Amino acid sequence: MKSALKNLKSFAGGLHPPDGKHFSAGKAIEICPLPEELVIPLAQHIGAPAEACVEVGALVKKGSPIAKAKGFVSVPIHASTSGEVIAVEPRLHPMGKHLPAVVIKPDGKDLWDDSLTGADPQDLNAAELKNRLQAAGIVGLGGATFPTHVKLSPPADKPIDTLILNGVECEPFLTADHRLMLEETERIFDGIDILRKILGITRAVIGIEANKPDAIELLTARGAARQIEVQALEVKYPQGAEKQLIDAITGRQVPSGTLPMEVGVVVQNVGTCAAISDAIRRGHPLVERVVSITGPALVEPKNLLVRIGTSLQFLVDQCGGLNGTAAKIIMGGPMMGQTQLSLDVPAIRGTSGVLIFRQQDLPRYEAGPCIRCGRCISVCPIHLQPTSIAACARLDMIDQAAGYHALDCIECGCCTYICPATLPLVQSIRYAKAAIMAQKRTT
Amino acid sequence: MENQLYLSSSPHIHNGETTDQVMRKVIYALVPASLVSLYFFGLPALSVLLICTLGCMVFEALSCWLKKIPQTLADGSAALTGILLALNLPPSSPWWISLLGAAIAILIGKQVYGGLGHNPFNPALVARVVLLISFPVQMTNWTAPAPLTSGFDAVTTATPLGEMKTAVMLTGKLPALAQSGFSDYLLGNMGGCLGEVSALALLLGGVYLLYKKIISWHTPVAFIGTVLVLGGIFWAIAPEKYPSPLFHLVTGGLILGAFFMATDMVTSPVTTKGMLIFGCGCGLLTLLIRLFGGYPEGVSFAILLMNAATPLIDRFCRPKIYGQRPAKA
């Protein structure tokens, strides 16, 4: 193990916020009970939202499709338990809007759909495997929820030679992937084998931050026989960002405005690998995922295996409730997560964590003038000049912001985290990015 | 649950170090040097320190009031400017020099540009240079250090750099003092500005700032390194005419300038590469002024000139963004 923890690789820039992992890192994954109601949004992935294919009153089984994929860059949505469809209507979505959702009242039996059948991946070719992944609704579970079958379909002129598995989990507080690597190693490895078969390659490297030595030790020991490499990485945020991870492991940089396939790499989250194994071997679609419910406001932070559509309120109740009043509810981690309007929103496929802060956990700062300290520049993992882009954005100098490569920003939040003037740099850059894109569309 | 939820753009955490804390840490770092100056120069030094610091704070408050904007005293930058100004004045400065310096620093050096973060030149140095040019007599009236233990009789003296310049100009040769006696200089036992006297106390503060990551090593190392290397070359060529690099290091305002003035975030480059260029430029100009200029000391002028070059340096030192490195096989 000691040797695995030496030669840590990393990228230039970044920082290490207090990681808050202690709240839930030691908690084994528990299965979250069935709630009274499941609200399953139709928009849960990047790409076209799915189209509802059930009506109110329909009886569904666990895994039955309730919405169909709309096009190639889209996936179907499935019922996450057996029961009755009681509504198909807009409901509050984690994005902060009311968006179409299928509401299911569970019958309590939690029966799988009989028509779902698994297969031995050896008996299927790459195209069949990809079709099954799309049919099972598999999307990237790291948070971006990009449809996996699309990522696995590089054009012929972009040969892939390396599969990178993202087990970094660099967002503070989140521990879902960590627990999954410890508890579901075999399923993850099986998913890796399926991915390698689809891509027709042998090299697979799992990247894990050095703050998870138990996972590094376990996966190194068990991966050796299956030709799965493990690369320990420096504990530094955003080590798990796709471009930074590729740079750390392969020394290749994805050219601006392109995808990892440009440098011969496909990156998949370890949680996605486990879901891929289930989708192929058992035929089970993506209807549940591991979610860290954590933060100083939780009485008992936990890692729960959650059915898609379970309300955050129900998850919080499973963790003994809150000790205090919630002041900020974040879906995801503290660096890139989205604040929620209410606990009455469902956990969806991209929900890696639910983080709750109270008033006393949230110091509030008054933004001051930029003192040109240069910290935002030294921590930016893309090596941008965040303060310059933000200044352009504030003055609506959109062309100049584009000249500072605003579109390359990955919105990791390092600059805002470190800024002594507490300027909302990422927010300004987001504004600039949106304005640049709007300008591009009109011209 | 009552709906008292904060909605905001990510990230949702901050490292907690805000501008006022940065300023406070720089002030802490100046405490040892200030104490040494009090020890060697006594009450006159205390009065310079107090008038400059309080003066800067009063003028800051006054500008905010005149500009009808919220008070900015709490950010600590005015107090810091005051202390830096005091450390750049002779201990014998009359009260009105200190007060005028404070007014120039805050009003002309900083607030006319829009306050903290907007001034192109280091405010304390603007004040020092205006005073130096306008009141050369008062600004070069040096008292010999009289440690608190030895009474309070002020004796007029010259700074080592001043003595050197005079001797070199008159005789073409270095005076004896420039060839020995470095331990006194190191500890601060020589004539000079409040903040020029103790290299050790300043270094202590500089190391604290480096340790706390308030400043990075690039500027001071490039600045001092350039002076040492170039000074060393001149010394090697003609040791009877040019002082040793060590003499350059421990006399005058080099250490104060390199660690506390050239590292002023607002007026120096934002990238590490830019900081290196900035530091080298400061070092080069300092040495040229010291050896060949009309003034014995060139640190202030050097830093101000490089301040003027900062936007240009920043323009040419933009970091190379991710994705521009050629792909490796």
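This is a predicted model: local features need pLDDT of at least 70, side-chain atom pairs count only at pLDDT 80 or more; totals for chains, interfaces and linings use all residues.
Chain B has 329 residues, and 52% of them count as buried. Take the contacts in chain B with a separation of 6 or more: 72% of these are between residues 24 or more positions apart.

**The two domains of chain B**

Next, colour residues 19-139 and 146-314 of chain B separately; the domain assignment makes these domain 1 and domain 2. Their C-alpha centres are 20 Å apart. Across the boundary, 32 residues of domain 1 of chain B are in contact with 31 residues of domain 2 of chain B.

Which elements of domain 1 of chain B give two or more residues to the side that touches domain 2 of chain B? Select helix 1 (19-41), helix 2 (43-67), helix 3 (77-87) and helix 5 (123-134) of chain B. Helix 1 of chain B provides the largest share, with 13 residues. Colouring this side of domain 1 of chain B by class gives 23 nonpolar, 7 polar and 2 charged residues.

Before leaving chain B, go to the segment before helix 1 of chain B, where Pro11(B) is found. The peptide bond between Ser10(B) and Pro11(B) is cis, and its omega is about 0°.

**Between the chains**

Now bring chain A back into view. The contact between the chains involves 36 residues of chain B and 52 residues of chain A. On the side of chain B that touches chain A there are 15 nonpolar, 15 polar and 6 charged residues.

**The two domains of chain A**

Domain 1 of chain A takes in residues 21-27 + 120-282, while domain 2 of chain A covers 375-442. The C-alpha centres of these domains of chain A are separated by 29 Å. Their contact is made by 6 residues from domain 1 of chain A and 5 residues from domain 2 of chain A. The side belonging to domain 1 of chain A has 3 nonpolar residues, 2 polar and 1 charged.

**Helices of chain A**

Select residues 126-135 of chain A, which form helix 1. Which residues of helix 1 of chain A are buried? They are Leu129(A), Arg132(A), Leu133(A) and Gln134(A). The cover over these buried residues includes helix 2 (148-151), helix 4 (185-199) and helix 7 (270-282) of chain A.

To see the contact, show side chains on both helices. From helix 4 of chain A, the residues include Ile188(A), Ile192(A) and Leu195(A); from helix 7 of chain A, they include Val270(A), Ile276(A) and Ile280(A). Charged residues take part as well: the contact divides into 9 nonpolar, 2 polar and 3 charged residues.

**Cores**

Centre the view on Leu315(A). Leu315(A) and Ile389(A) have the most contacts inside the largest nonpolar core, which has 136 residues. Leaving aside residues up to four places away in sequence, Leu315(A) touches Cys32(A), Val291(A), Ile293(A), Leu304(A), Val306(A), Thr310(A), Ala347(A) and Val354(A). Another core, of 76 residues, lies apart from this one; Ile104(B), Leu125(B), Phe260(B) and Ile303(B) are among its members.

**Backbone details in chain A**

First go to Pro238(A), in the loop between strand 11 (229-233) and helix 6 (242-250) of chain A. The bond from Tyr237(A) to Pro238(A) is a cis peptide bond with omega near -10°.

Then select Asp110(A), which sits in the loop between strand 8 (98-106) and helix 1 of chain A. Asp110(A) is not a glycine, yet its phi is positive, about 55°. Is Asp110(A) partly exposed or buried? With 15 other C-beta atoms within 10 Å, Asp110(A) is partly exposed.

End at Gln227(A), in the loop between helix 5 (213-223) and strand 11 of chain A. Gln227(A), also not a glycine, has a positive phi of about 55°. Gln227(A) counts as exposed, having 12 C-beta neighbours inside 10 Å.

Terms used
Residues are numbered from 1 along each chain as its sequence is written. Chains are lettered from A and ligands numbered from 1 in the order in which they are written. A nonpolar core is a set of buried Ala, Val, Leu, Ile, Met, Phe, Trp, Tyr and Cys residues joined through C-beta atoms within 7 Å. A residue is buried if 20 or more other C-beta atoms lie within 10 Å of its own, exposed if 12 or fewer, and partly exposed in between; C-beta atoms are placed from the backbone. Two residues are in contact if their C-beta atoms, placed from the backbone, lie within 7 Å. Helices (H or I, at least four residues) and strands (E, at least two) are DSSP runs, numbered from the N terminus. Domain bounds come from an automatic or database domain assignment. Ala, Val, Leu, Ile, Met, Phe, Trp, Tyr, Cys and Pro count as nonpolar, Asp, Glu, Lys and Arg as charged, and the others, Gly among them, as polar.
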